[in-house]
Amino acid sequence: MDFNIEYISNKNLEKTLQSKIDNKTKPVGALGELEAIALQIGMIQNTDQPRLNNPTIIVFAGDHGIAKKGEVNPYPQKVTTQMVYNFLSEGAAINVFCKQNNIDLKIVDAGVNHDFEGIPGLIDAKIGYGTKNYEEKPAMNIEQCSLAIKKGADIITETYTAGCNIIGFGEMGIGNTSSASLLMSYYTRIPIVKCVGSGTGLDAKAIMVKQDILSKAYDKYTPSTGVEVLMYYGGYEIAMIVGAIFRAAELKMTILIDGFIVTAAFLAAYDIHPDVIDYCIFTHTSGEQGHKKMLEFLNKKPLLHLGMRLGEGTGAAIAYPIIESAVAFLNNMASFESAGVSK
């Protein structure tokens, strides 16, 4: 992938930031994870006075060929289309949380099996009307996968140019927990049966069926690169998130990683360009069983543990005020010297 992603640690700045954090009017370490977040964002922005500008969450929507049969998904594929309309009419959870926290929200048609006919408010980046069923053939060909990555990156370029420097991602796509499980298994080498969960609400018997179907799909292909894994099993929305992560890291934006699906996209990005991890904050642990294992594989501690498993970027939206608090204390809290308080 043709992205210039390199994280260079500025040791002098790191010392300056840590000293600034430690000299606030509090015991050293008393603000816990907020201190680590403040340090990370300062390092990303290469300043001891970071700012969060025009926070934005982008929800990428796409359909999956495997969902047409209804064997791995309790909801029919048409729900993807219905939820896109719900996003556009501001009726979904992500709309509520973004409005609550003054976060801009963008909705992208990455590859929904529906013609939206230029409906206002929807970004048209459609690659196709859903991916192929990977039980039978690869979800995408390499040209489609590469185009999805490029389009995701281009959307970030536009968002950054409009003044955004902190970005989160959400997704909508019936069947995408199956794609995420397969991606997780290939990138982490965790057996596929331990990666498969209930998705949008499968019972125990249906989970066993899903495990069997995905185990056979896993054995069908032998990808040799991270991009091939994405091509065989990914969704258009997942591939666009990969490209979006690449470009956001390249532009030194702070990236908010949501739940199971977005973290699966992150695993793909990380496999190809490992330095992306330094730009990311992992916002919550999903109630989907594989997500905790993903975070353990990455050795990352999420900000929130709320048992959420909705997707849409909701975990990122809810975590954003915590990140705001980290930057606020760094910039606005008095130091011992300025307040005349004895250490």
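Modeller: A helix here is a DSSP run of H or I with at least four residues, and helices are numbered from the N terminus. Keep in mind that this is a predicted model. Ask away!

Colleague: Is D22 buried, partly exposed or exposed?

Modeller: Buried stops under 20% and exposed starts over 50%. D22 has 22% relative accessibility, so it counts as partly exposed.

Colleague: How far apart are the C-alpha atoms of D22 and V242?

Modeller: Along the chain, D22 and V242 are 220 residues apart.

Colleague: Staying with α1, how does it lie relative to α12: roughly parallel or roughly perpendicular?

Modeller: The axes of α1 and α12 come within 9 Å and cross at roughly 85 degrees. Angles from 65 to 115 degrees fall in one class, so α1 counts, relative to α12, as roughly perpendicular.

Colleague: And which residues of α12 make that contact?

Modeller: Of the residues that meet there, four are nonpolar, one is polar and one is charged. The α1 side brings L17, K20 and I21. The α12 side brings F329, L330 and N331.

Colleague: On to α2. How far apart are its end C-alpha atoms?

Modeller: Helix α2 covers residues 33-45, which is 13 residues. The expected span is 1.5 Å times one less than the number of residues, so α2 should span 18 Å. The model agrees, with the end C-alpha atoms apart by 18 Å.

Colleague: Which elements do the buried residues of α2 pack against?

Modeller: The buried residues of α2 are E35, I37, A38, L39, I41, G42, M43 and I44. Residues three or four places apart on an α-helix point the same way, because there are 3.6 residues a turn. The partners of the buried α2 residues are α1, β5 (254-257), β6 (280-282) and α12.

Colleague: What follows α2, and what is its phi near?

Modeller: Past the end of α2 comes N46, in the loop between α2 and β1. With a relative accessible area of 51%, N46 is exposed. N46 is not a glycine, yet its phi is positive, near 60 degrees.

Colleague: Is E312, with its positive phi, buried or exposed?

Modeller: E312 is also a residue other than glycine, with phi near 70 degrees. It lies in the loop between α11 (289-298) and α12. Its relative accessible area is 3%, which means that E312 is buried.

Colleague: What about α3: which elements cover its buried residues?

Modeller: In α3, the buried residues are V79, T80, T81, M83, V84 and F87. Just after the helix, E90 takes a positive phi of about 65 degrees. The cover over the buried residues of α3 includes β1, α4 (93-100), β2 (104-111), β3 and β4 (166-172).

Colleague: Which backbone oxygen does the side chain of N73 reach at 2.8 Å?

Modeller: N73 lies in the loop between β1 and α3, and at 6% relative accessibility it counts as buried. Its side chain reaches the backbone oxygen of A67 at 3.3 Å. At 2.8 Å, the backbone oxygen reached is that of Y75.

Colleague: There's another asparagine, N133. Which residue's backbone nitrogen does its side chain reach?

Modeller: N133 has its place in the loop between β3 and α5, and its 8% relative accessibility makes it buried. Neighbours within four places aside, N133 is in contact with G65, I66 and K69. The backbone nitrogen that its side chain reaches, at 2.9 Å, belongs to E135.

Colleague: Last one: how far apart are the C-alpha atoms of L182 and V229?

Modeller: L182 is in helix α6, and with 0% relative accessibility it counts as buried. Not counting residues up to four places away in sequence, L182 touches Y134, I192, L214, A217, Y218 and Y233. V229 is 47 residues from L182 along the chain, but the separation of their C-alpha atoms is 8.7 Å.

Technical notes:
Residues numbered from 1 in each chain as written. Predicted model: local features only at pLDDT ≥ 70, side-chain atom pairs only at ≥ 80, totals over all residues. Heavy atoms only, no water. Helix = DSSP H or I, 4+ residues; strand = E, 2+ residues; numbered from the N terminus. Buried < 20%, exposed > 50% of the residue type's maximum accessible area, 1.4 Å probe, protein only. Contact = heavy atoms within 4.5 Å. Axes fitted to C-alpha atoms, helices over the stretch in contact; angles between N-to-C directions. Parallel < 35°, antiparallel > 145°, perpendicular 65-115°, else oblique. Nonpolar A, V, L, I, M, F, W, Y, C, P; charged D, E, K, R; others polar. Polar contact = N/O pair within 3.5 Å; in protein donor to acceptor, adjacent residues only side chain to side chain.
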